[in-house]
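Dear colleague,

Here is the structure that I promised to hand over, with my notes on it below. Please open it next to the text, so that you can follow the residues as you read.

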Amino acid sequence: MKLMYGVINAMTTPFNKDGTIDTRSLENQVDFQISKGTNCLYPLGTTGEMYLLSNDERKLVAETVIKKAAGRAVVYIHVGAMTTKDAVELAKHAKDAGADGIGAVTPSFFGASDRALFEYYKTIANAVGPDFPLYLYSIPQCSTNDISPALAAKIADECPNVVGIKYSYPDMVRILNYINIKDGKFSVLVGPDRLFLAGLVSGAQGCVSGCAGPMPEVFNAIYKAYQAGDLLKARDEQRRAIKIIDILKAGADMGIFKEVLRRRGIVANALMRRPLLEITKDDADKLWKEISPYIE
């Protein structure tokens with residue numbers, strides 16, 4: 001099994017002016033990330049506007065990313081959905097399309113008990129078989145439902161292909177508890193970009209970063225320095241990353257990511273799927289003035 005590690009880009013989903021998926025811009029993003037040294041690609045998550053896409057659109061994005069990456073980077077497809085049926089359908093498609101693995105966010109909006117969460121993940125895991133890896137994904141501030149360390153351990157014990165978790169709430173104590181699952185053999189990925197280096201030092205395997213979409217250079221510099229054992233340089237790069245994260249508002253508005261990608265010539269436009277809106281021209285001009293000094 002290929003696990004996710006290092007810099008994992010939570011990719012945006014580009015649209016054409018007629019509202020369809022802009023596959024050419026999506027392919028450009030794949031090449032851009034790989035050229036900058038990004039280790040893994042993770043489309044169709046929160047940053048990818050997942051719940052605003054149809055299943056057919058999500059399948060098209062998955063196929064496009066997998067085909068364009070062509071083994072040059074690890075590719076996991078996010079398949080979490082509002083129903084277990086849709087999540088299973090997307091999981092099977094990702095496996096058949098050639099993904100290295102999948103991730104699935106908890107059910108959203110409606111409160112789900114631990115028993116319901118366990119059954120949800122067990123059903124997805126069983127649908128793709130014991131040799132196809134699945135990451136749990138907890139973002140309780142958006143999804144309503146959380147995965148406790150005890151529940152994560154129970155799911156991992158029952159389902160051998162549940163290999164880790166992406167945790168997107170800034171709680172280092174919780175992250176440390178996840179890291180201890182299976183005596184440290186449970187793959188933990190941090191979602192908050194600010195905790196990338198802290199997570200690595202504590203035993204996490206990487207960071208699923210939306211900010212690395214438009215600005216991958218600094219995040220790859222953090223990981224490269226860490227891998228080389230140069231913690232002082234890694235710390236300096238993390239401090240630099242925090243300045244970039246603040247400018248990008250830490251992914252609070254994906255229109256910001258898309259605008260920087262557009263100005264860098266990676267995507268054709270910065271369109272969002274309604275009800276989300278593009279940022280205003282004034283905000284876009286201010287954003288570019290602030291971020292452009294950090295572009296290498």
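Gln29 touches Met11, Thr12, Pro14, Leu261, Ile266 and Val267, leaving aside residues up to four places away in sequence, where a contact means heavy atoms within 4.5 Å. Gln29 sits in helix H1, residues 23-35, and helices (H or I, at least four residues) and strands (E, at least two) are DSSP runs numbered from the N terminus. With a relative accessible area of 2%, Gln29 is buried; the word buried stands for under 20% relative accessible area, exposed for over 50%, and partly exposed for what lies in between, using a 1.4 Å probe and protein chains only. The side chains of Gln29 and Thr12 are joined by a polar contact of 3.1 Å, a term that covers a pair of N or O atoms within 3.5 Å, of which, within protein, one must be able to donate a hydrogen and the other to accept it, while residues adjacent in sequence count only if both atoms are side-chain atoms.

Before going further, please keep in mind that this is a predicted model, in which local features need pLDDT of at least 70 and side-chain atom pairs count only at pLDDT 80 or more, whereas totals for chains, interfaces and linings use all residues. Residues are numbered from 1 along each chain as its sequence is written, and side-chain values use heavy atoms, with hydrogens and water left out.

Helix H1 also packs against H2, at an angle of about 40° and with the axes 9 Å apart, the axes being lines fitted to C-alpha atoms, for helices over the stretch in contact, and the angles running from 0 to 180 degrees between N-to-C directions. That angle makes H1 oblique to H2, given that angles under 35 degrees count as roughly parallel, over 145 as roughly antiparallel, 65 to 115 as roughly perpendicular and the rest as oblique. The crossing of H1 and H2 is right-handed, meaning that the near helix is turned clockwise from the far one by less than a right angle, anticlockwise being left-handed. On the H1 side Thr23, Leu26, Glu27, Val30, Asp31 and Ile34 meet Leu60, Val61, Thr64, Val65, Lys68 and Ala69 of H2. The residues of this contact of H1 with H2 divide into seven nonpolar, two polar and three charged, with Ala, Val, Leu, Ile, Met, Phe, Trp, Tyr, Cys and Pro counted as nonpolar, Asp, Glu, Lys and Arg as charged, and the others, Gly among them, as polar.

Helix H2 (residues 55-69) in turn meets H3, their axes coming within 10 Å and crossing at roughly 25°, which makes H2 roughly parallel to H3. The contact is made by Asn55, Arg58, Lys59, Ala62, Glu63 and Ile66 of H2 and by Asp86, Glu89, Leu90, His93, Ala94 and Ala97 of H3, and its residues divide into five nonpolar, two polar and five charged.

Next come H3 (residues 84-97) and H4 (residues 114-128), whose axes come within 9 Å and cross at roughly 30°, so that these two helices are roughly parallel to each other. Their contact involves Thr84, Ala87, Val88, Ala91, Lys92 and Lys95 of H3 and Tyr120, Thr123, Ile124, Ala127 and Val128 of H4, and here the residues divide into seven nonpolar, two polar and two charged.

Leu44, in the loop between strand S2 (40-42) and H2, has a phi near 75°, a positive value in a residue other than glycine, and counts as buried at 1% relative accessibility. Ala70, in the loop between H2 and strand S3 (74-78), likewise has a positive phi, near 50°, but counts as exposed at 58% relative accessibility.

Finally, Arg273 is found in the loop between helix H11 (254-263) and helix H12 (281-291) and is buried, with a relative accessible area of 17%. A polar atom of the Arg273 side chain lies 2.8 Å from the backbone oxygen of Leu52, and the residues touched by Arg273 include Phe15, Glu49 and Glu57. Pro275 lies in the loop between H11 and H12 as well, and the peptide bond from Arg274 to Pro275 is cis, with omega near 20°.
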